Structure formats: structure tokens, C-alpha cells
2 protein chains.
Amino acid sequence: MKWWKVVLVVVALAALFSVGIILGHFAIPKKADQPESTGPPSPSQDLDPELLKTVMGQLDANRIQENLRELSLKPHLATSPRDEELVRLLLQRWQDPESGLDTATRGEYEVLLSFPSNEQPNTVQVVNPVGNILFSARKSEEDLTGEQGDTNVVQPYAAYAPPGAPQGPLVYANRGTESDYAYLESQGINLNGTIALTRYGGAGRGAKAVNGAKHGVIGLLVYTDPRDINDNLRFPNETFPHSWAMPPSGVERGSYYKHFGDPLTPYFPATPSAFRLETADIQGFPPIPTQPIGFEDAQVLLCNLQGPVAPESWQGALGCVYRLGSGFQSNGTFSQASEVKVTVHNQLERRNSSNVLGIIRGAVEPDRYVLYGNHRDSWVHGAVDPSSGTAVLLEISRVLGTLVKKGKWRPRRSIVFASWGAEEFGLIGSTEFTEEFFTKLQERAVAYINVDIAVFANATLRAQGTPPAQSVIFSAAKQVPAPGKSSLTVYDNWLQHSNRSSSAHGVIPSLGSLGSGSDYAAFVHFLGITSMDIAYTYDRSKTSARIYPTYHTAFDTFEYVEKFLDPGFTSHQAVAQTAANILLRLSDSLLLPFSIGDYSETLRSFLQAAQNAFLGQQNINLGPLVSAVERFERAVAELEKRIEALQSLSDPLQVRMVNDQLMLLERAFLNPRAFPEEYYYSHVLWGPRTSNVTTFPGLANAYDEALKMPDDPSTWAKVKKQLSIAVMAVEGAAATLEPVAQF
Amino acid sequence: MKWWKVVLVVVALAALFSVGIILGHFAIPKKADQPESTGPPSPSQDLDPELLKTVMGQLDANRIQENLRELSLKPHLATSPRDEELVRLLLQRWQDPESGLDTATRGEYEVLLSFPSNEQPNTVQVVNPVGNILFSARKSEEDLTGEQGDTNVVQPYAAYAPPGAPQGPLVYANRGTESDYAYLESQGINLNGTIALTRYGGAGRGAKAVNGAKHGVIGLLVYTDPRDINDNLRFPNETFPHSWAMPPSGVERGSYYKHFGDPLTPYFPATPSAFRLETADIQGFPPIPTQPIGFEDAQVLLCNLQGPVAPESWQGALGCVYRLGSGFQSNGTFSQASEVKVTVHNQLERRNSSNVLGIIRGAVEPDRYVLYGNHRDSWVHGAVDPSSGTAVLLEISRVLGTLVKKGKWRPRRSIVFASWGAEEFGLIGSTEFTEEFFTKLQERAVAYINVDIAVFANATLRAQGTPPAQSVIFSAAKQVPAPGKSSLTVYDNWLQHSNRSSSAHGVIPSLGSLGSGSDYAAFVHFLGITSMDIAYTYDRSKTSARIYPTYHTAFDTFEYVEKFLDPGFTSHQAVAQTAANILLRLSDSLLLPFSIGDYSETLRSFLQAAQNAFLGQQNINLGPLVSAVERFERAVAELEKRIEALQSLSDPLQVRMVNDQLMLLERAFLNPRAFPEEYYYSHVLWGPRTSNVTTFPGLANAYDEALKMPDDPSTWAKVKKQLSIAVMAVEGAAATLEPVAQF
């Protein structure tokens, strides 16, 4: 080879070598950027739309139906043997090697429950002056389908009502509100020593007793009027099992405790060694013996009352003119001097109640939790309440568990499934859980999804939640086909049934706010976790039922669901698809899908309601609240801009920091001193509101009190204090959204 | 060229090309791993040891000295014109384009302060029965160095003591503790209608008045005994300016408010519109007129008392035998029936007080805050208290600010420098700040470093803090040379002066615990933020002074520091180096340098103290506490293993998750219901402990109360409640350290 050839070859080799180096360096991505499917997931992986489709496609109506059949086979009252069997069923499902979760564990608490006596049933009797029993109300519901005769059906009772046997003349007190009792007195009726008959609705269960006792009432009866629950149907041949309506013997059971959580251990998890109140020191139990009865028995009592005719709004559908009493008509079934005797033998018992927790560990941010829960305990068979929700829960966990077990998927964040115990007695299992894991949840919980009763009826979605949940619920509902023949989505169908005009979004479905009706209560009120509750429900143009008619009765059975509420279980499936879609979006999206702008709309509307109500009142200056809301709005708008401008979502710390701001916004509205007379309520925006002014609840309530005593400056001081609480919460929330390196 | 040559060349070229590709891919790191100094920092960058050296080398004793000269030039009582000048000075320094911070802002609060009247000075007089004034105490301190005559020196007074002019016979009540007054009564001395003379120390300022009033005392005097402050020196020629000792006319001013924070707005930031208590509803002001006096005047009163000789432990160094009273000797300076009249004209005033905040934005995790603060306001010139700390603060911020402005460095986390207002009146500026930014700080604050009085004396470091702070303080102290001629480090010198035996570490310096003596109080007790306080202090073998002798007097001047406390300012420099080193470690380390294992040692010692004290007492079962502490110890050990095993610290999310566990551990010990009678105190481990049992303070205090009334079951119920609070805190803390996807 010539020397110049050698040089040429060497130069060519060197050039090629360099090109190789350059190509190797720039053209081939490093392995770290190219995760294998078996390796750890990329911290920048976003939610996969295909996953949503896969999961929604696998959620099976038949499986939900079979879940429900098993769950509602027998009565499963909290801590009963069947409740324990269901605990094991859940553990078994969640520990299944093919379709289970990463871990499934039991959390047990020793809690105070209340039961009627097996030996001495509670009784309601009419007694004449010489002591003869003229009438006895049923001690149990009629056995119409075989299930009501099960020995495990608990007698209808008012949980936590004290034992006793008061006897006195009967009065009719409508719904047992403070103003109902006041009205009776205004009609010259002496309530001292009376037994009050009231109907469900209008006031909390326990409040009917508390209000009555203040006026001298010594015993309370509660029934469900066919006008309120059955669209006036009341005869055996037109009620269940012939329709969805409540049979005449049906009785709504329920807890009459004012607060929630284990009554003996407020603010402590009810471990065996926890500090417990003396029973006598418990606040919030009803003060007088109380018993619920069916409308069949209520009719006998109510239609025989003497006295003035009750107002039109107090009338019901029992087929007679309702009178106020006190005492019975001389020309009726009972002698005029006959009285009603209510005998209650309820007993308080400390029992072990279990939660079951099932976890899918997050792949990227295992320390961020999306919780999804429902209670397990029922009053009787509880096919609707709560087993419809549990049937959905088990189907969602099966589908996601199977993907995890097959190695096909793992969410970015941890998913915590929960089956709560003893909800019916006052959200006890979920509340104790929040007490035990307060700090851990406060620091790490992204959201809580509750599906208790999955299907009240099969007409439309109904969702409640705090504002950041609105957009993710909407996004999910837009991807789910509505059940039935319609070709609409769940979202569009919902929009038709229940909508409102939003300043930001135009006409949208109405998202309700969260009270304390199910296990989300401690999550939203005590912990400030963005929460939501999802169900399918009624067409309100077709029924005015207060709730589904067999609620808390022995007629809430599998057959009832299958025949009347959701034949084919398509509404159950739609709820499962919607809830699973929400769950996946929350647990797998790179950026949390929270619409914090929707809090701006809420705050603006609260502000306007306050401005309308307080105009020119007693030196109430809303200027600081105006400034706070404006600052919040600015902070939201600017944060939304910064999120959009995040040049790349590939920096996992940037994403985490923004997500922390979104997650913790709800926490900023907490003030443990906002509602000093209520247990757990700390969320300044969603605490209990007794006022009609739709503004900050503490402010609205204080304002109502001040209007009652406008000359007492201390009442206006309370308004001002609540105004400061509201301002401080909004300012603090704005501060958490503002650029982080800014004070 | 032969065909085989062509083939050979092609093969060689191909091989070389491949080698090049391989080399290029594997041997040359991608640019992302190699950040340029101008680009964004790597999220995996750890603290640079060279940076520590650079910063420590630049902290300049002369500059600290010049800072102090300027800061202490004039009296700068909270909200005074000079206080405002210093606000501007701080803003100017922190906004300096060459050596300032990223941002510097003012935070203003409208707070309730208490001042003596300019027109009517407070007086202390001896008055005979016909009303002649036999003696008047000084109204101001003697002008010994020219500075005491400044018209801006505030008259000595007891802030928040009410106005009034009580007159009565004098008694000597030692330190004004509950047992001191009880002792006087046990000696047959009727305290009703008396004026009590007490000395500083032993009880909180306000407590002396509260305790006395319970026994009928109507006015209070407080002085500083030369035995307690001056190692018995008391003559003008042996006290300042001839030594560091307090001159005879020196008077300790101070706040007599029981709580901390603005008295009108507990739990609200004191914005102009905030809800305010009525003045009459404020809890915790002293109930009787109170006035502090110098020992020169105290001697005249005390050495003329009649009555029984006071116990040995009540005697002091005023050169006479202390008697109890009541009333004066017949053969002394005053006639026997003479009384003491205390006239107080203090006024409450709402004033605007400012904090100044200066921020260095974090490069990687700007939403994590390391706070470093000191108050700015003094009682008079305040060269030691607080300007020694502010002089150090300004020097640290200058050095770090310069690095930032030059583009040479930016910390991983954000640094927040704070100059608090109105600390002397009750930690007001810092407390209002924690109220305003509660949620933001609770979610994001890594630690709070307090350097108030930087140098009490020049013998040794003294540090207080919660256990996670121990190791970072030690690490820093080991890198700083001790001031003076010694060749020891600050750590080794400290170890010689004050040490203890640790079960985990052997003999180590003693870290004190945090009470409520300076601005860390709201951070640790209200917010649960790992906090610490750093200073240089006495050799306790050489002085028994309760505190540096000119504390809160008009003699706390620049000259005093320069001449007696720290000639050459080398101790100031050592404190600056130690504090800056800590600040850099906390703000720039990849993993937070918190030694959570040191909480195991604390909890174990609290448990053992409880076991020793409660042995066999009244059914107190410590089993649940034992289990909780063991669970905590396990959780710590396992987390430490997981941290070690973190294969690579290059995953920024893994690091963030672990750091969040470390940061938020302290939060898990909070329970806002643990100390219901105290404002702000929520930290279950460090709340106010009145008991000698060194266990959980709520538990210890309840136990002491129960021992006083052992037959009252309600007292033991309180012990059990506090035990549950302790168990719940430790269990919750363990849960936050356990693997995150576990409940």
C-alpha cells in the first residue's frame, strides 16, 4: 500500500470512528430514558387512555350482580357473625393470587354500639287508665319474601336511645323540629309528659328527641309517612313485593347519635387501651326513650288523635285527617284517657368492629394515596345500603388487581381500598381510621372516593364533592355510556336531569356538597382531603320519595334491587365505570386532575351571598373578605398559567411540587377552632350550616343567631370572629397556591 | 486494491465505526448529567464541602462588630422610630444588588403592646401614716456611660401590668412562687393588702403577680439580687462600667404576659381587620400593679423590713439580714407604720410592628423552607439582646447573598431569613407569622434556626433543639474552631463544658430542650417544626449569674459587649460559623441531615421515667406506651436501613419521599387537644412541664395533680387521657416512618 493510501485509510477510519462516536452519543437514547416494561416505570409516564378503556371494558354487570347476591344473602349488622364472614370474604378476595391486591389487612377497633334486647323486645302500646293494653305495635316487619323472618333480622330500634318505659298522652309533632314543637305549644297543647309521634325527614333523627325533650316530651315515636316515601302508596297490594314502595310494616332503623365516630373515644382511635369517656359523659345521645314504627301502626295512633287539625303541611297519606292531640278521640278506637307507653330495652355494648384495607402500591409515588371506600355493615340484608356499593368496590378491585397481578400495570400513586365497619352507628370505622392515621393521611392523601349506596335508582348520576373534584368527575362521566336505551353519556344524561349555570363553565351538571351522610365525613371535615361521593339515583320528576323506600328496613334485599332498582345491573356498571375512571385519573395522572379554579367560583358565590345578607348590618365590613377572595382568584389564575408553562413535565420534582400545591389546597381551609361545639368539623367551607344564607357556614350560623338577638353585642362579636375565620382560611389557601418561594 | 483488501478495509471501518458508536454511547456521559454552572442544578447535587469552607472563611468578626455598633447605636424598643429605622436597614441590606437576597419584604401586624406613660412615670414610694413621702425609688437608671441618659430609654416597667396605685405594708416574698407565699402565711404573716417585694428568677415574671394576688397581695415589686446576677458584687466601683456586673441602679424590664403572641388575637394573624378580644377578656395579664426596681432601691426597702428572719435560701447579697415583714422596723430608716405605694401608669396601645423577611429561592426544591430568624426589637440599646444575634444574621445573609448575586451558588431548598418584631412583649412577630402562614409552613418548613442572643459569654457553645437537630448541630460544631487561644473545635470545647452520656452515642455535648424563651416557640410548639437555638455562653464554674448581668437594662450596650462579653468578636464569629454551617447543611444536603434515631433515645428515656414514677400506681397500665415506643424504635431502624440501601440517590423522587418522612416526623407529635388550657402548645413531647418527672409533659403534670388528690378518680382519668395522648402521638409518629404503602 502506498503511504498516501495508508494515510487515506487512517483518515477515513478516524472520520468514521468519530461519526460513530457522535451517532452513538446523540442518536441512541440512554437506557434510563427507555424503561423496559419489567423495569421501574418512568417518573414522567402519564395516564394511558387505553388503560381507561381496558378497565371500563372489563367491569362486568354480571359479576357485580353476583357480588351483590352474596353480600346481601343474610343480615350483616355491624359486628354480627355475618359481618365477620364478609370481612373474611373481602380479605380472601383482596389476597387472591390472581386478582387480589398487594396487601390486604384488617384494622380492628373496640367501639360502643347499641342494640335492642333479644330477651325483651321494645314495645309501643296503647294503655287505658286501668292498665289494659288496647293496642300493641308490631315488634317486627311482616315476612313478605321469606327474608324478613330470618332470626338475624334485628328488631327495628333507635340506636343509642336510652332504655325506659315512659307513658303519656300522644301528640303529633310533624317532623320534630324546634319550630314544630313550638307550634304545638302555640296551639295551647301542653307537651309536658307527652309521647310525641313524628315522621322521618326535616330534622336529624336524634334532633327530634332533643327538641322534644326541651319541651317536656318524655318519649318519642318516629314513622315514615307514605307521602314522604311512597308517593302516597300505602296498601299491601301496591307496595313491595308488588312495587318498590315500602310495605306498611316497614320501619326505618338508624343511629340517633348526634356526632360521628365511636362515642366513647372522640379524637382517639378506639384501641383497647384508648382513653374512654364515662358513659354518662357522652354528649349527643337522645335524651328520651325513642322507637321507630311502621306506618301501619302509626296510622292506628295518628288517625285516632283528638285536638286541633294539623296544618296542611303536616298532613300525610295515611288516609285520615291528622290532628295534633294531645290524647285520643272519644269516638275512636281507644278510650279518650288512653295513653301511649313506649318501652325501650336498648343496651350499649362494646364490640370489636373491623375495617378491611387493600392496597396497590404506587410505582412512582407510593407515598401519595388515593382512597376508595365504602362501609360493609348494614341494618338488615342491606342489598342497597351498603352492599350495592361493596359489590361495585369488589368488581373494581378485581379488575385492577388482575392487571397488577399479571404485571401489566401499576398506578403512579398508591390506591387504598377500604371496607369500613360500623358506619350505620355513626361512620365509626372510617372515623377511627382517620384518627389512627391522622398525620400520615393529612400529609399524603390525594383524594377520597366514596361509593356507599351505588344505586338509589336508575335514572341519573348524582355526585357530591368538594370543588376540586368537579372536573375529574365530569371527565370520567363523559367517557361512560349511560345505562339503558339512551345513547347519551353518563355526563349528558346527568346534565339533563340536574344542572346549574356556572359562571366559569356555562350550564353543567350540579355537583352537590358533602354533609356527613357517609364515610367521607371524617376525610373532608376532619382531614381536609378532597372527597367525593358517587351514585346513580332518581328521576325527581317521577318520584318525590325522600330516599329509596325500603331504606334501613328488612325489605332492602337482593330481589328488591334486581326487580325494581336496577334490572340488569347496568346502573351499577355505570357507577363502577365512572368511579373506576375517576380512581385511575387520580392515581395515574402525572398532574393531579384537580380543578382548583372551581374553588374560585365557590368562594365568589359565598362572598356574594354574604354581601347580600349582611348589607349595611351592624358594622360588618366585608372588605377583608373581598380582598381575600380576589387574592385567591389571582393565585389560582397564576398557578394555572405556571402549570401550562411548565416547559416539560419530564422533571419529576417540578410535577411533584405543583401536585403538592393542588393536593394540599383543601387542607388550607381547615381550622380546628372554627366549630368548637362540633366534633371533627374543621373545614371552614363545608361545616354544618343551619342558616339559609349560602355562605361560610360558621359565618352564616353566627349571623342567624345575631339576628335573633341584634341588641346583644356579643352575638355580633361572634359574627366578626367567624368572618375572621373565613378571611384567614381564604388568605391561607391563596398563600399555598402562590409561588412557593414567596411570603 | 485486491477485493480482499477492500473487504478488510470495509470490515475494519465497520468495526471501528461500531467501536466508536459504543464508546460514544457508553463512555461519554450525556449532557444532562453534567450541568454547566450556568444551567439548572442537578436534582441529585449534594452539599459541597468546599462551600462550607468558603462560607465559614468569609464570615468576618469585624463586620459582625460593625453591624452590632450600628444596630445598638440607639434604643430600639418595638415600634419605636429607631425600630422602624432598623426595619429599613434590614430591607436595604437584603435588597442590596451585590450582597442582598432574592427578595426582601416587610410583614406588618397591628398588635397590643404596653408602655409606661411619658407624662406620669411609674413610682415606688415609702409613705408614712400622715402621707409624707419618706423615700422614692429611682425613675430611671443612672447615666454611667452617656447612653442611659438618652431620651429614648424607656422607663423600667412591667409590660402589661395594669395601672393603679396600691399602698400597703411591705413583705418580702423571695421569688414569688406559690410555695413562697404559702410559706409567708405559714409564718403567720397576713398577706391581705400587702405589697410584695420579690426577686427575679424561680417563677415566670407574671406568675409572681398571679400567685401573690391569690393570697391577697395588692401590688408587686421585683428586683434582681446581686447574689443571683452579680456573683455578689454590688458596689458601683465593682460593677459596670468597671466589670460586666449589673450596676446598683440597673433594672430588668420584661413582659409579664403569661402566653405568647398578640394578646388580642390568639390564633389569628393580627391584621387590621382581624377579630379581636375585648381587652377585659384577655387571659394572662398580671392581675395587680407591678413595678421592677434596681437592687439599690430594693436594699433600702428590704433591709428595713421587720418580722421573722427569712430562711437561708431566701437570703441575698444586699448586705443585710433579709426579714419577711410585714412592715418596717421601728429602729430603721422609716417609721414602723410606713407603707409602700406602687403607682403604675402603664397604657395598652395598638401599634404596627414589622417583621422583615428575606428569601433565597431554592434551586431544586423551592417549596422546602429552612428558616433562620431572630427578633429585632430590644428593651433599650439591646446590644446583646437581640442585636448580637442580628449582627450575626446580617453577616450570614451578606455572605450567602453575595454568592447568590455572583451566580456562584444557590441552595437546593429555599432559605427564609427573618427579623421578627415585638419579641420582647411575647414573641409577637414570629407568632403572628406562624398564624398567617400556618398551612404553608406546616406543609413545607424543614427546620427553624433561632439565634437570638448570639453571645451571653465567651466560654462555650450552648444549643437547644428537638432531637432530629442534634446531629446536624454536632456536625457543624465539629467544623468550627473554638474562639480564643484553644486549638479545640467548638464541638470539643462544648463537650468539655457540658456533656451527658447517651445510650446511642456515648459521651456527647448536652443539647437542651426548647421552652418558650425566644421566637422558636411557635415553630416548635404550634407548628411542629424541627427547631433549634444557638448561642455562646458562660463557663458555669466561673459564674452563677442567672443570665448576663445587664439583661434588659440600659447598660446592655455596644461597649459592654466589646469590653466584657466578647472582645474581638471571636465568639460572635464562632456562632456565625456554626449557625451558617447548620443552615447550609439543612438547605443544601440531598438527604436531610436529621438524626431521627435520637428521637428513639428521647422516647425511651420518657418511657423509663414514666415507668419509674408510675410503678404500681392506680391501675396505670404503661403496656400500650411500651408497645408504641418499641414500634417507633423499629420504624426508625428500618427506615435507616432503607435510606442506606437507596441504591442510588440519583432518583430525585425517592430522595424527596424519604426527606418528606424525615421532615414531617416532628409534625406527627402534634396534638392540638393535648394542652387545652394553653395557647399554641400542641407538641406532645415538649409542652410546658411543671412536674419533675421527665416524661411526656401532659402526662407528668396530670400525674402530679392526681398525687395531690389521689382519692378523686377524675384526676386519674386525666392521667389516663394524657397517657392515651402520648401513645397516640408515638404510634402516629411510627406510622409516618414506616414503609409508605402500609397501614
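Student: Which helices of chain B do the buried residues of H3(B) pack against?

Tutor: In this predicted model, helix H3 of chain B spans residues 61-71, and its buried residues are Ala61(B), Ile64(B), Gln65(B), Asn67(B), Leu68(B) and Leu71(B). They cover an arc of only 160° around the axis, which places them on the same side of H3(B). The helices that these buried residues pack against are H4 (81-94), H9 (383-405), H15 (558-565) and H16 (570-588) of chain B.

Student: On H2(A), which residues are exposed on the other side from the buried ones?

Tutor: Helix H2 of chain A, residues 49-58, has Leu51(A), Leu52(A), Val55(A) and Met56(A) as its buried residues. Viewed down the axis of H2(A), these fall within an arc of 125°, so they line one face of the helix. That buried set packs against helix H9 (383-405) and helix H16 (570-588) of chain A, whereas the exposed residues on the other side of H2(A) are Lys53(A) and Gly57(A).

Student: Are H18(B) and H19(B) roughly parallel or roughly antiparallel to each other?

Tutor: Helix H18 (residues 623-645) and helix H19 (residues 652-665), both of chain B, pack with their axes 11 Å apart and at an angle of about 150°. Because angles over 145 degrees count as roughly antiparallel, the relation of H18(B) to H19(B) is roughly antiparallel.

Student: How many nonpolar residues does the contact of H18(B) with H19(B) have?

Tutor: From H18(B), Phe632(B), Leu639(B), Arg642(B) and Ile643(B) meet Val658(B), Gln661(B), Leu662(B) and Leu665(B) of H19(B). By class, this contact has one charged and one polar residue, and the number of nonpolar residues is six.

How values were computed
Residues numbered from 1 in each chain as written. Chains lettered and ligands numbered in written order. Predicted model: local features only at pLDDT ≥ 70, side-chain atom pairs only at ≥ 80, totals over all residues. Heavy atoms only, no water. Axes fitted to C-alpha atoms, helices over the stretch in contact; angles between N-to-C directions. Helix = DSSP H or I, 4+ residues; strand = E, 2+ residues; numbered from the N terminus. Parallel < 35°, antiparallel > 145°, perpendicular 65-115°, else oblique. Contact = heavy atoms within 4.5 Å. Nonpolar A, V, L, I, M, F, W, Y, C, P; charged D, E, K, R; others polar. Buried < 20%, exposed > 50% of the residue type's maximum accessible area, 1.4 Å probe, protein only. Arc of directions from axis to C-beta.
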